[in-house]
Amino acid sequence: MNACKIAPSLMCVDFLELRNYLDMFVRKKIDYLHVDIMDGHYVPNFTLGINFCETIFKYSGIPLDIHLMIEDVDRYVPEFAKFDNAVICFHPEVSYHPIRSLELIKSLGRKAGIAIDPAVSLEQIRYLLPYVDMLCVMTVNPGYAGQKLISGTIDKIRELSGYIKTNKLKIEIEVDGNVSWKNIPLMLEAGAGILVAGTSSLFDGINPVDENIEKIRTQQLKPV
């Protein structure tokens, strides 16, 4: 079995310590940096932006996992696609033509993903899956850190994982929301392979972050 991938949620970082965190993430060979881009329209919050992405990528070189919680996705994709090895996820309900949006991301040489709100079903996004490299399964409502897990979202991970395997699709499943010490084993058992780690695990304020990275890595993916 292989260790899961870790994508620290940078909206949860103490920005006064950001350089030290990035140095640590480089040393620890973190897989992705998860960057939440919020515009105050799709979600009632504002966070981060293109200049932030430029700074952290130039400094660390760690691939960016860019989660667009914004409207008018196609307008901004080219800006976020300039980072090598990035994966760009958006919420398909904000795009008039989500397949076109996915094709745009891929045409710019980046991995394309969709983020699935808790109320969105497999059936609603099934026809998008052949165009997708990553599924970001939201286990809380998008917009804020520190929320409780929404009932039924673990089962959704399991359902999506089964569908991907049955149809021999090459899609990674990422889980975002209340990725806690209690929930991590359940999420991995259900089929998640990438964990967006925030305040309920990596930045729990109890143990040092570097120790928490190793603690997460002791969790194992189930055999494929």
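Begin by selecting Asn178, which lies in the loop between strand β8 (172-176) and helix α7 (184-190), where helices (H or I, at least four residues) and strands (E, at least two) are DSSP runs numbered from the N terminus. This is a predicted model, in which local features need pLDDT of at least 70 and side-chain atom pairs count only at pLDDT 80 or more, while totals for chains, interfaces and linings use all residues. Residues are numbered from 1 along each chain as its sequence is written, and side-chain values use heavy atoms, with hydrogens and water left out.

Asn178 has a positive phi of about 50° although it is not a glycine. Most residues other than glycine have a negative phi. At 24% relative accessibility, Asn178 is partly exposed; buried means under 20% relative accessible area, exposed over 50%, and partly exposed in between (1.4 Å probe, protein chains only).

Select Leu48 next, in the loop between β3 (46-47) and α2 (50-60). Leu48 is likewise not a glycine and has a positive phi of about 50°, and with a relative accessible area of 26% Leu48 is partly exposed.

Now move to helix α8 (residues 209-217), and colour Val209, Asn212, Ile213 and Ile216, which are buried. If you look down the axis of α8, its buried residues fall within an arc of 110°, so they line one face of the helix; the arc is that of the directions from the helix axis to the C-beta atoms. The cover over these buried residues includes β1 (5-8), α1 (18-27), α7 and β9 (194-197).

From there, select Phe25, which together with Leu68 has the most contacts inside the largest nonpolar core, a set of 69 residues. A nonpolar core is a set of buried Ala, Val, Leu, Ile, Met, Phe, Trp, Tyr and Cys residues joined through side-chain atoms within 4.5 Å. The largest share of this core, 5 residues, comes from α1. Leaving aside residues up to four places away in sequence, Phe25 touches Pro8, Leu10, Ile30, Leu33, Ile62, Phe203, Val209 and Ile213, where contact means heavy atoms within 4.5 Å. Another core lies apart from the largest one and has 10 residues, among them Val87, Met138, Val140 and Ile194.

Finish with the cysteines, where the count comes to 0 disulfides, a disulfide being a pair of cysteine sulfur atoms within 2.5 Å. For Cys4, the nearest cysteine sulfur, that of Cys136, is 15 Å away, and Cys4 is buried at 4% relative accessibility. For Cys53, the nearest cysteine sulfur belongs to Cys89, 13 Å away, and Cys53 is buried at 0% relative accessibility.
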